[in-house]
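The sequence and the structure come first, and the description follows.

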Amino acid sequence: MMSANRGSKARGAALSAVVPLLLLAACSSGSGTSGGKDGEIRMMVNLTDNLDRAYWEKLVKPFEDKTGLKVKIEGPTGKSVAESFPQQLAAGTAPDVIQSIFPDDDTAPELVDLSGEAWAKGTPMFDAYAIGDTHFAVGVGTQTQSLVYYNKTAFKKAGITATPTTWKEMTADLGKLKKAGYTPMQTAGDYQTGLQLQQIYHPTLNELHPKWQSAVTDQKLTVGDAYKPAFQMYADWIDAGYIAKSDAGLNPSQADGNFIAGKAGLYTNGSWFAATLAKAGKLPFEVGVFSPPAADGKSYPGPQGATMANPYMVHKGASDEAGAKQLVEFLVTDPAAVKAQLGSDGVFRQESDVKQTGTDALIQGILDNAPALVAVGEGQGNVRLPVTGFNPKFTEVAQSLYTGASPADAAKAIDQWTDENR
């Protein structure tokens, strides 16, 4: 199970509110009262503009034809699957299969442990999302986080002949891009400020401090010590004009637009940005992608920050638990079903043989060549920080570097917050 001390102060006040929900959910566990009809499997999914109900119904149709089971696609009853699943657990109306979220302390007791399923063990990041010795989530692929997209025309005009593999090279390239008249590094405000700094520093951080989130939890490392070199580098880039201070006021879609228009040389983003590029159509330049620099003296490329994509979980109270597991097995192992899900919203799978072109193929190569896939942000599974809400706080701290905070101030602020919220 999950660590008992993780975010204990943050959760303490909330426990009194969720205990009645858990009691109700516990009463329904294994009772077969989740509301599905005989031969029907209810699956709650995250419905979006491109992953709409028709997409999901088409995806599960071959499973229905083969098994004779009926799959009922349901969207969240609240704002999201994350909000709706606990509510439905409490009401005794939870679905049989849950897509797009991961287990937590409160929902894990209500989920089926898939550790013993042979088909599950080969799925992407299966062990990375283990909680203790249990495995509740299986996924189709990964969303790769640590990617740097670049404008090949800008590189040519700036006289840059190869992508950087060290931080010294990266900083020198930013200077060349500025002289060539480009925004060297495109950034944005909102959540993206902190996310980008984490993304670009993932490989270095995980080479210097493997499983750094666990080291912080075990009090062998502080977040400030882990990230102070990154804060210093970022502050130096801001001071040199390699990052525009005004970009902290942009929303992420505006930053996307600046890169797509050819105004920027580099843009740190995740694999999902490939879908944005594809929708933009023909660009005025060729896009390249590379893995961020490695730590000094370490091998390149470094570990890739990644998250499990399209995760599925099975409710322990499913009216047909065997059928629900069979459906999940189909979704994450059937070649046609996997192929249909890859590429949507930047979902990739290591050593995939799905036909790709352009940017997707570059990302696939980076994923296949990564020496490891590592936890991002607060972490996942057994590699986690002792706090919740890390990403918003980290963004706040990163943005303070735009307004005069020193790297030492930033390190102190993130450590103080971590200590107060353990």
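## Cavities, pockets and cores

The model contains 1 cavity of 30 Å³ or more, a cavity being a set of points on a 1 Å grid over the protein atoms alone where a 1.4 Å probe fits but cannot get out. The model is predicted, so that local features need pLDDT of at least 70 and side-chain atom pairs count only at pLDDT 80 or more, while totals for chains, interfaces and linings use all residues. Residues are numbered from 1 along each chain as its sequence is written, and side-chain values use heavy atoms, with hydrogens and water left out.

The largest cavity is lined by Met185, Thr187, Gln196, Leu197, Ile200, Tyr234, Trp237, Ile243 and Thr268; lining residues have an atom within 4 Å of a point. Helices α6 and α8 each supply at least two residues of this lining. The second largest pocket is an open set of points with protein on both sides within 12 Å along at least five of seven lines. Its lining comprises 14 residues, and Gly281, Leu283, Val287, Gly358 and Thr359 lie nearest its centre. Helices α10 (273-280) and α13 each supply at least two residues of that lining.

The largest nonpolar core has 46 residues, of which Trp212, Tyr227, Phe231, Trp237 and Leu266 touch the most other members. Such a core is a set of buried Ala, Val, Leu, Ile, Met, Phe, Trp, Tyr and Cys residues joined through side-chain atoms within 4.5 Å. Buried means under 20% relative accessible area (1.4 Å probe, protein chains only). Among the elements that each give at least two residues to this core are β5 (147-151), α6 (192-208) and α8 (223-240). Helix α8 contributes the most, with 10 residues. A second, separate core of 35 residues includes Tyr55, Phe63, Trp119 and Tyr312.

Helices (H or I, at least four residues) and strands (E, at least two) are DSSP runs, numbered from the N terminus. In helix α9 (residues 252-260), the buried residues are Pro252, Ala255, Asp256, Asn258, Phe259 and Ile260. They pack against β5, β6 (183-186), α6, β7 (264-269), α10 and β8 (287-290). After α9 comes glycine 262, with a positive phi near 90°.

Two individual residues may now be considered. Glutamine 364 belongs to helix α13 (residues 358-369) and counts as buried because its relative accessibility is 4%. A polar atom of its side chain lies 2.7 Å from the backbone oxygen of arginine 349. Beyond neighbours within four places in sequence, glutamine 364 is in contact (heavy atoms within 4.5 Å) with Phe348, Arg349, Gln350, Glu351, Ser352 and Gln356.

Threonine 307 is placed in strand β9 (residues 304-309) and is buried, with a relative accessible area of 16%. Its C-alpha atom is separated by 5.5 Å from that of threonine 142, 165 residues apart along the chain. Residues up to four places away aside, threonine 307 touches partners including Met125, Tyr129, Thr142 and Gln380.

Note on methods: Buried means under 20% relative accessible area, exposed over 50%, partly exposed in between (1.4 Å probe, protein chains only). A polar contact is a pair of N or O atoms within 3.5 Å; within protein, one must be able to donate a hydrogen and the other to accept it, and residues adjacent in sequence count only if both atoms are side-chain atoms. Grid points are joined across faces, edges and corners, and a volume is the space filled by probe spheres set on the points.
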